Amino acid sequence: MDALLIEDDEPKSERITEFLTNLSSDLKISHMRSYQSGLRSLLAHTPNLILLDMNLPNYDITAEETGGKIMQFAGREFLRQMMRRNIKAPVIVVTAFEFFGEGIDSLTLEELDRELTDKYSGNYLGYVYYHTILDDWKIKLPALIKERYPDLRT
């Protein structure tokens, strides 16, 4: 089973990849580091599973490129693009934030979860709150994957 991880934080992506690779030899994980590279990857090949950060740079950060502005709701826009293009793939949001946006546009993680469930239930499976010190994500992430893929070998 192939998974696409869209995450700009290298230590976070390494921990998630290592954890999932150790969890199941059936998982093959590709890693993209920005909204644009994730979208390009999705358009080239629809994976069996997408692990998606909510806040992402617009473009990959390189020696020549700053990555552009951080998109605070990149994950929501990614799901919108999937719906617009009629792309079906299960998506789990993996985020280290509990609040998103600013001012009247701000949302808690729970509010965002409800919004994504309402608008993108065809793709959106749920969220995992990732924290470097807490290991709760190591329980919730495989549980969400197993809900969608109960036969996945672990």
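Me: Contact means heavy atoms within 4.5 Å. Not counting residues up to four places away in sequence, which residues does T46 touch?

Reply: This is a predicted model, in which local features need pLDDT of at least 70, side-chain atom pairs count only at pLDDT 80 or more, and totals for chains, interfaces and linings use all residues. Residues are numbered from 1 along each chain as its sequence is written, and side-chain values use heavy atoms, with hydrogens and water left out. T46 lies in the loop between helix 2 and strand 3 (49-52), where helices (H or I, at least four residues) and strands (E, at least two) are DSSP runs numbered from the N terminus. Once residues up to four places away in sequence are set aside, the residues that T46 touches are D2, I87, K88 and A89.

Me: Is N86 buried or exposed?

Reply: N86 is in the loop between helix 3 (74-84) and strand 6. A residue is called buried under 20% relative accessible area, exposed over 50%, and partly exposed in between, using a 1.4 Å probe and protein chains only. Because N86 has a relative accessibility of 57%, it counts as exposed.

Me: What value does the phi of N86 have?

Reply: Most residues other than glycine have a negative phi. N86 is a residue other than glycine, yet its phi is positive, near 55°.

Me: Is T95 buried or exposed?

Reply: T95 belongs to strand 6, which covers residues 91-95. Among the residues that T95 touches, not counting those up to four places away in sequence, are K12, D53, F100 and Y130. Its relative accessibility is 0%, so T95 counts as buried.

Me: At what distance does a polar contact join the side chains of S34 and D60?

Reply: S34 sits in the loop between strand 2 (28-32) and helix 2 (35-44), and it is buried because its relative accessible area is 0%. Beyond four places in sequence, S34 touches several residues, including I6, P57 and D60. The polar contact between the side chains of S34 and D60 has a distance of 2.8 Å.

Me: Which residues is Y120 in contact with, leaving aside its neighbours within four places in sequence?

Reply: Y120 is part of helix 4 (residues 109-120), and its 8% relative accessibility explains why it counts as buried. Although Y120 and R76 are 44 residues apart in sequence, their C-alpha atoms are 9.1 Å apart in space. With its neighbours within four places left aside, Y120 is in contact with R76, L79, R80 and M83.

Me: What radius of gyration does the protein have?

Reply: The protein has five helices and nine strands, and 44% of its 154 residues count as buried. The radius of gyration is taken over C-alpha atoms, and the globule rule is 2.2 Å times the number of residues to the power 0.38. For 154 residues, a compact globule would have a radius near 15 Å, which agrees with the protein's 15 Å.

Me: Among contacts with a separation of 6 or more, what share comes from residues 24 or more positions apart?

Reply: The C-alpha atoms of the protein fill a box of roughly 40 × 35 × 35 Å along the principal axes. Within the protein, residues 24 or more positions apart supply a share of the contacts with a separation of 6 or more that comes to 68%.

Terms used. Polar contact = N/O pair within 3.5 Å; in protein donor to acceptor, adjacent residues only side chain to side chain.
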